[in-house]
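Here is a short briefing to read alongside the model. Please keep the sequence and the 3D view open as you go.

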Amino acid sequence: MSVIEMKPVRERILDAATERYYAEGIRAVSADKLIAAAHVSKVTFYRHFPSKDDLVAAYLAARAAEEEDAITARRRASPDDPGAVLRWYADLVGEVGCAPGFRGCPFINAAAELPEDDHPGRRVIADHRAWLVAQIRELLEQLDVSDSATKAEQLMMLRDGAMVSGYVGRQPEQVAAALTAGARAIIGR
């Protein structure tokens, strides 16, 4: 039995979807490609994910959970230093945005491919972005930044641009420094 076949079936399918959806795009990847990549039968595949929409939502939820877990852990590690958390996140955006194989924010990419407001993946995207903005807002409130809700939205937009900047060829340190400088300008520090 191969290492791939030792993983639980649902996990194998999600791993295949994560790799393929991110690298090739959600619309470009058929169920047959994922079935082959996960080494499962069609019956098994559809038992775990009755529709492609279900799998797309699960893929996005897994990606959201990864990011949310990392941010939550960092906030726990630095509960009294919101500035350190924000600097860490800027460094992370620079690092991730400039990494080999980076193809943009998976949530923005998915939003572009899922224009229907009622798609279950759109709910995951909206919930995750709202969660991220709320985290930024809370950190800004800890720093006693005025109008933290508006500034959190502005920082989220800046983060989106920083990811694009990394994707088009800047170095991680440049992206992180520009994101940090922009954030400082927005919050007035």
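Predicted model: local features only at pLDDT ≥ 70, side-chain atom pairs only at ≥ 80, totals over all residues.

Residues are numbered from 1 along each chain as its sequence is written, and side-chain values use heavy atoms, with hydrogens and water left out. The protein has 10 helices and zero strands; both are DSSP runs numbered from the N terminus, with helices being H or I of at least four residues and strands being E of at least two.

**Overall build**

- Reading from the N terminus, the order of elements is α-α-α-α-α-α-α-α-α-α.
- Along the principal axes, the C-alpha atoms fill a box of roughly 55 × 30 × 30 Å.
- Of the 189 residues in the protein, 42% are buried (buried is under 20% relative accessible area, exposed is over 50%, and partly exposed is in between, with a 1.4 Å probe and protein chains only).
- Among contacts with a separation of 6 or more, 68% are made by residues 24 or more positions apart; a contact means heavy atoms within 4.5 Å.
- The protein exposes about 10,000 Å², and carbon and sulfur atoms supply 55% of that area. Accessible areas come from the Shrake-Rupley method with a 1.4 Å probe, and for residues only the protein chains shown count as cover.

**Charges**

- There are 24 positive and 28 negative side chains, and the centres of the two sets lie 2 Å apart.
- Lys and Arg count as positive and Asp and Glu as negative, with His and the chain ends not counted. Each charge is placed at NZ of Lys, CZ of Arg, CG of Asp or CD of Glu.
- The structure holds 12 salt bridges, where a salt bridge is a side-chain nitrogen of Lys or Arg within 4 Å of a carboxyl oxygen of Asp or Glu.

**Salt bridges within one helix**

- Arg-20 and Glu-24 form a salt bridge, with their closest N and O atoms 3.6 Å apart. The two residues are four apart in helix 2 (residues 9–24), so about one helical turn separates them.
- Arg-20 is partly exposed at 25% relative accessibility, and Glu-24 is partly exposed at 35%.
- In helix 8 (residues 120–142), Asp-127 and Arg-123 are also four residues apart, or about one helical turn. Their side chains meet in a salt bridge at 2.7 Å, N to O.
- Asp-127 counts as partly exposed at 41% relative accessibility, whereas Arg-123 counts as exposed at 51%.

- Salt bridges that share partners join Glu-67, Arg-129, Arg-159 and Asp-160 into one network.
- The side chains of Lys-42 and Asp-32 meet in a salt bridge at 3.3 Å, N to O. Lys-42 lies in helix 4 (residues 42–48) and Asp-32 in helix 3 (residues 31–38), so this pair ties together parts that are 10 residues apart in sequence.
- Lys-42 has a relative accessible area of 48% and is partly exposed; Asp-32, at 45%, is partly exposed.

**A loop residue to look up**

- Where is Asp-118 found? Asp-118 sits in the loop between helix 7 (106–113) and helix 8.
- Asp-118 is exposed, with a relative accessible area of 68%.
- Asp-118 and Lys-33 are 85 residues apart along the chain, and their C-alpha atoms are separated by 25 Å.
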